[in-house]
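Subject: Structure handed over, with notes on what was found

Dear colleague,

Please read them with the structure open beside you.

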Amino acid sequence: MTTTLPVLTVDDLSKRYGSGCAACRDHAETALQGNTCRHCGTVHALSGVSFEVHPGEVLGIVGESGSGKSTILNCLYFDEEPTSGHAYLAAYERGAADLWTASGERRRWIRNHLLGKVYQNPMLGLNMDFSSVANIAEKMIAANDRHVGRMEARARVLLEHTRIPTHRMKTSPRQFSGGMQQRVQIAKALSNEPPILLLDEVTTGLDLSVQARVLDLIKQIRRDVGVAMILVSHDLAVIRMLADRTIVMRDGRQVEAGLTDQIMEDPQHPYTQELVYSLL
Amino acid sequence: MSRHGTYNFAFLDEGSKREIRRATLKAIAIPGYQVPFASREMPIARGWGTGGLQLTLSLIGPDDTLKVIDQGTDESVNAVNIKALIRSTTGVTTSDDTAEATLIQSRHRIPDKPLRPDQILILQVPIPEPLRFVEPREEVTRRLHAERDYTGAYVLLFEQIMRHGDVTTGADHPVEVHDRYVMAPSPIPRIDNPKMDHGDALILLGAGREKKIYAVPPHTRVTSLAFDDHPFRSEDVDGRTCELCGAEGVFMDEIQDAQHGGTSFRCNDTSECLARMNAHARTS
Amino acid sequence: MGYVAVKGGTDAIRASTERLRYERLKHGVSLDVRQARAGLRGLVDQVMSEASLYDEPVAAHAIKQAEGSPEEAVFLLRAYRSTLPRLHTTVPIDGTSARVERRISAAFKDVPGGQILGAGYDYVHRLLDDTLMHEDETDVRAWLERWRDASQAQALPNDAGRLDGLPKVADYLRAQGLMEPRENDDTPPDDVTKRALRIPASRSERLQVLTRGQTGTVTSLGYASLRGYGPMLHPTVGELRVAALPLTIPNPLASHENEAVGGSDPTLHADPDDGYYLGEIRITEVETVVPVQEPGGEERQALRFDLGYGACFGQNETKAIAMSLLDQCLEHPDSRHPTHDEEFILMHVDSVEATGFISHLKLPHYVTFQSELDAVRRTHQPDAVSGEEDA
């Protein structure tokens, strides 16, 4: 048992769309069909999710679409507002302050300095009207860097890390392939050396060979940089390749959690069993 | 009494003037912050200076002396037109001489002659939002200002440097006011930006169509956005001499010489140029 | 003998104004304002709507001065409007009190009160009528006399065919439980001419901006929404009315008392029987119904009807219908579609603002251009300066 604080702790995170009703407010399973309340139609995208991420660890979150896995990342990156729950970062007030009670200005500070996110759709994570180097610099500028030379140099280093040829750095990512766009996003997410990266279905929709290269890159970053990651995917094969521990999500709930190897070899929950067996 | 019938002094009713002044006071209290105001429709078109005009009309009194310039010139058609409207509803004295004026309404220039504490400069603004080119939505830019998120403005400059080796904003280069709000100084050339820093006169900026008033009070810090290793640079006026008065180092109009080909330069601030020419004439 | 500025500007403007007057008079005719009012009803109505000023003679005057340009006429009226003091506010008007001149519903074959075609262009054949070229006052008088005689002969008995107090089609849908009943909201409306529009806008702001919008712009945007630039609305015109609306103000004497006891809105506590009747204005009013999903509910999601509202001064049917479509579009914001983007629509439909900013491009911009020249030239310099040496 280590005494080091987890990089990130999430406690009882819930998110619903709709006001809820007496029947479903407590997430009573009987009221819900899937993740939707039979009586009032409220969608409970997340119901009481809790987990920790330790330094240097990759936590996988697997589930079908609608399971709530992306919603977890959206809440952590302040793209969406949770309905209830708490989150703590070791790097923020030494884990003593709940991210979701922070003011707008503090949230932006946290997002710019302590978090990095790669979106499934590069249009959400990049500005296609700007060059790749400007996209990477944006995060640094948001963290108040005002030295062009330094930012350009760091961007070059990141482009090398993510294996993007530097002679293309002044090109807009709009002209890149899907795989390269994801790599620009990764470079951008790493630019301020955050303690944790949020990766949302980063290889979904890419050709298999391209997927492999991006996954390889993530493995390498994990080795070289040692940054903690939350890796969200519907693809158990991807999770198996990269995640140390895994959470299985279904209809907004955690149905199983544990070491990835254990879950693969000996899934407990019937849903997890389905997923694992379909992989083989 | 103008041929347009009977209007209140300075066209606007007193209630409107008070409301505009209230917005102006708020703008002065929060330097660089865009204060929304209920912009009236004026007899000149939106986009042609109704914001500046409303500011002038809300401030002008019978003892004021008014100067109006456009593109640096008192005789520019638009300036003449605005002056005529104000004169016809106030009877106030107008002057081309910057030193004589108490109110100066201007489009696209700050006069070359430094202003005094008893003078007010009113600038006409087409697009008051410095972040508009990065974010078209007013709803979002309002929040960005509130959260002091000016990343977009800097990324734009960064991109220019990456692509062209240097910042390529022309006029209207954004400034930071009183270490807080980033503001669009109106489409004045970059050479005029430093004039806003710790000036002696009050500077008011009015956008009629966008319905915003903002201000730079005297003795306020105004710095043009720049990077540590790419300091702000004005237009290059080295080697240019005014062919009329011989001035150097001021913003000039580039004149194409129809007869002999080639280029010559003349002071953009015509009243200052004239003053210099007359001064030379007296001493020679 | 000193140097003086060349005074070209003043003379140029004077000459230009004269030249403009020449253009208006060169045919040797001065348009009679009464004729403009009488014969250019469509333009008068359009201009009153976009200026949000109901005054037919003044609108006709503006049209004459603007030589028929709606852009210029609306500008004149808006500038005039902004000098007028606001003396009174009418009490909220119940639309069913209007006396209809035209009233149709596309939703039902027959409606209480009937489908009344009235004076509309819908079924007119768009063929140029030669007889109009020679129509003179004698012809007009003779025709009017025949018209009056015919109307007398057909006069309906008193009770039948009443044209006021006709129920709204929407009320029928509400009574059937198919449309959400709404509580009366007596919040005084926001006035966009007194306080700058802020996004997100209140519904009163939205409707005001739309009704004052340029006819062409509002129409085109409504058209785009029908063609699918946005989730399909499937709208049906529940009711279109061209009607005379009676205007009443609260007793001006009583309202002083009301203000004295701290009331800010004199219309709120006004005794409806104690008002002063001012007169009538003609308006076009459209209620469009669209099916929408009911929120929540049992496993099967039900549909209900919601209302899009359009209203304009004068007879402006296309604009009022388009306005009602946009009202519904904006009730369901969706940033993916410009027709459902509140800021995009409300910021760009105003005539005076749009035409003003476009036309401002004609103003001299040579200072800004000079500045741009400098920037462009700098990028061509062989050693474009950067703060660091090249790596």
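Among contacts in chain C between residues at least 6 apart in sequence, 70% join residues at least 24 apart, where two residues are in contact if their C-beta atoms, placed from the backbone, lie within 7 Å. This is a predicted model, in which local features need pLDDT of at least 70 and side-chain atom pairs count only at pLDDT 80 or more, while totals for chains, interfaces and linings use all residues. Residues are numbered from 1 along each chain as its sequence is written, and chains are lettered from A and ligands numbered from 1 in the order in which they are written.

Chain C has 391 residues, of which 30% count as buried; a residue is buried if 20 or more other C-beta atoms lie within 10 Å of its own, exposed if 12 or fewer, and partly exposed in between, with C-beta atoms placed from the backbone. Its secondary structure comes to 14 helices and four strands, these being DSSP runs numbered from the N terminus (helices H or I, at least four residues; strands E, at least two).

The domain assignment of chain C gives domain 1 (16-82) and domain 2 (95-125 + 168-354), with bounds that come from an automatic or database domain assignment. The C-alpha centres of these two domains of chain C lie 27 Å apart, and twelve residues of domain 1 of chain C are in contact with 13 residues of domain 2 of chain C. On the side of domain 1 of chain C that touches domain 2 of chain C, α3 (41-51) and α5 (70-81) of chain C each supply at least two residues, and the largest share, six residues, comes from α3(C). By class, that side of domain 1 of chain C has five nonpolar, three polar and four charged residues, where Ala, Val, Leu, Ile, Met, Phe, Trp, Tyr, Cys and Pro count as nonpolar, Asp, Glu, Lys and Arg as charged, and the others, Gly among them, as polar.

One residue that can be followed individually is C:V58, which lies in helix α4 (residues 56-65) of chain C. C:V58 is buried, because 20 other C-beta atoms lie within 10 Å, and, not counting residues up to four places away in sequence, C:V58 touches C:L77 and C:Y80.

The four strands form an open sheet in the order β1-β2-β3-β4 (chain C), with antiparallel pairing; two strands pair if DSSP finds at least two bridges between them. At the edges stand β1 (99-104) and β4 (303-313) of chain C, each with a single partner strand, so one side of each is left without a neighbour in the sheet. Neighbouring strands of this sheet are turned by 20° against each other on average, direction ignored. Strand β2 (residues 236-249) of chain C is joined by 13 bridges to strand β3 (residues 276-293) of chain C, and the two run antiparallel; C:T236 stands opposite C:V289 in β3(C). Helix α11 (residues 317-331) of chain C lies across β2, β3 and β4 of chain C and runs at about 135° to β4(C), with axes taken as lines fitted to C-alpha atoms, for helices over the stretch in contact, and angles running from 0 to 180 degrees between N-to-C directions.

Helix α6 (residues 137-153) of chain C has 17 residues and reaches 25 Å from its first C-alpha to its last, close to the 24 Å expected at 1.5 Å a residue, the expected span being 1.5 Å times one less than the number of residues. Of the 17 residues of α6(C), the number buried is zero, so this helix lies largely in the open.

Chain B is divided into domain 1 (4-224) and domain 2 (237-284), and twelve residues of domain 1 of chain B are in contact with eight residues of domain 2 of chain B. Five bridges join β11(B) to strand β12 (residues 263-267) of chain B, the two running antiparallel, and B:Q256 has B:T263 as its bridge partner in β12(B). These strands, β11(B) and β12(B), form a hairpin with six residues between them, and B:G261 in the turn has a positive phi of about 70°.

The contact between chains B and C takes 54 residues from chain B and 47 residues from chain C. On the side of chain B that touches chain C, α3 (77-90), α4 (138-146), β11 (252-256) and α6 (270-283) of chain B each supply at least two residues, and the largest share, five residues, comes from α6(B). The residues of that side of chain B divide into 17 nonpolar, 17 polar and 20 charged.

With best wishes
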